[in-house]
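Here is a short briefing on one protein model. It covers an annotated site and the nonpolar packing.

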Amino acid sequence: MLVSAPGKIILFGEHSVVYGRGAIASAIDLRTYTEGKLLKEKIIKIHANDLKIPGLSISFSEEEIVLGTDYGKAGFVVSYVKSAIEKIFTEYGSRKGFEISIKSEIPVGAGLGSSAAVVVPTLKLLSELLEMNLSNEEIAVMGKNVEIEVQGSSSGIDPAVSALGGGLYFKKGKIERFSAPNLPLIVGYTGEKGSTKILLEKVKALKEEYPEILENIMDAMEDIASKSKKILSENGDIKELGTLMNINNGLLEAIGVSTKELSELVFASRISGALGAKITGAGGGGCMYALAPNKQREVETAIKIAGGIPIRTKTTDEGVRVEHK
Ligand code: PMV
């Protein structure tokens, strides 16, 4: 059986969402594929060549699943897979042997939801193989619990987007899904992502020093997110969306989460014809994205010249799905 799930991009409202304001994320058409079958032997085999894991076997007894080898950064991804497997077996009530191959189009650790995009199709694949038929909503919740177990905390944005697809509006723990148009985007990756934890601490410290100013900035970010949601869900004017991206980016600059590298990619995109360009995610490195319907090649080239890695993608309505049984 082959299952796939998308990565995510935060379109608007990163950081302000932490302080109770709305944020918009969307699924993108870069996907992770998990293919697998049940085995008679009591063994779990994981193949993840694209994640630079040469092949890994996990043995398990009645008590626990044991990871044989640590493969550094790639091993970190495997810890998500392991936790996902544990969650499913707990729900199912017993353990089964199976084999799973993972292939991903999503760069690992760039802030595009690569971990959730591994967890979600793994959960779906096992749910289908074991005939548990979990809903995508249940998978989103399980995915959040996997992230909490592995990373210590999770907003749940990444697994929700990966499971449900489309555009999602997040506010105070509530999620509203809407169908978003296929926006043509160019993501620019600086090559190294900042630590979300450190960036969150930085914003918190600034907010403690200048509470009123930061509250006003967060309110402005909230206005941008709700205006953008209206434009996206009503298929409105994407030129206006570009302008809102530029304003939001200015506010992210104001709260100190940009870097010289990110700003250079943002300006390179605008100069080469993007309607808008902004940081996506926590900042401090990582990714920005540009909205450039008719200038995709120009923006890709400009990002490359400015030292970034361009990734062409578009927003999509498709969440986790079974490709074939
Ligand atoms: O770094 P990312 O892509 O996981 O984005 C973090 C987004 C924040 O708003 C900064 C934090 C959060 O949990 O919402």
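## Annotated site and cores

S115 counts as buried because its relative accessibility is 17%, below the 20% cut-off. The model is predicted. S115 sits in the loop between β6 and α2.

**Binding-site annotation**
- An unreviewed UniProt entry places a "binding site" feature at P107, V108, G109, A110, G111, L112, G113, S114, S115, A116 and A117.
- Of these residues, A110 and G111 are included in the lining of the largest cavity.

**G111**
- G111 lies in the loop between β6 (97-104) and α2 (116-129).
- G111 counts as partly exposed because its relative accessibility is 22%.
- Leaving aside neighbours within four places in sequence, G111 is in contact with K8 and K193.

**Largest nonpolar core**
- The largest nonpolar core has 51 residues.
- L11, F12, I255, M288 and Y289 have the most contacts inside this core.
- Helix α6 (residues 211-233) supplies the largest share of this core, eight residues.
- Domain 1 (2-179) and domain 2 (184-314) each give this core at least three residues.

**Second core**
- A second, separate core has 33 residues.
- Among them are V77, L129, V146 and A163.

**F12 contacts**
- Which residues does F12 touch, not counting those up to four places away in sequence?
- F12 touches A23, I24, I224, A225, S228, L241, L244, M245, N248, K278 and Y289.
- Both F12 and Y289 are listed with the most contacts inside the largest core.

Terms used. Residues are numbered from 1 along each chain as its sequence is written. This is a predicted model: local features need pLDDT of at least 70, side-chain atom pairs count only at pLDDT 80 or more; totals for chains, interfaces and linings use all residues. Side-chain values use heavy atoms; hydrogens and water are left out. A nonpolar core is a set of buried Ala, Val, Leu, Ile, Met, Phe, Trp, Tyr and Cys residues joined through side-chain atoms within 4.5 Å. Buried means under 20% relative accessible area, exposed over 50%, partly exposed in between (1.4 Å probe, protein chains only). Helices (H or I, at least four residues) and strands (E, at least two) are DSSP runs, numbered from the N terminus. Domain bounds come from an automatic or database domain assignment. Contact means heavy atoms within 4.5 Å. UniProt positions are given in the numbering used here, feature names are shortened, and annotations may be inferred rather than shown by experiment. On a 1 Å grid over the protein atoms alone, a cavity is a set of points where a 1.4 Å probe fits but cannot get out, and a pocket is an open set with protein on both sides within 12 Å along at least five of seven lines; lining residues have an atom within 4 Å of a point.
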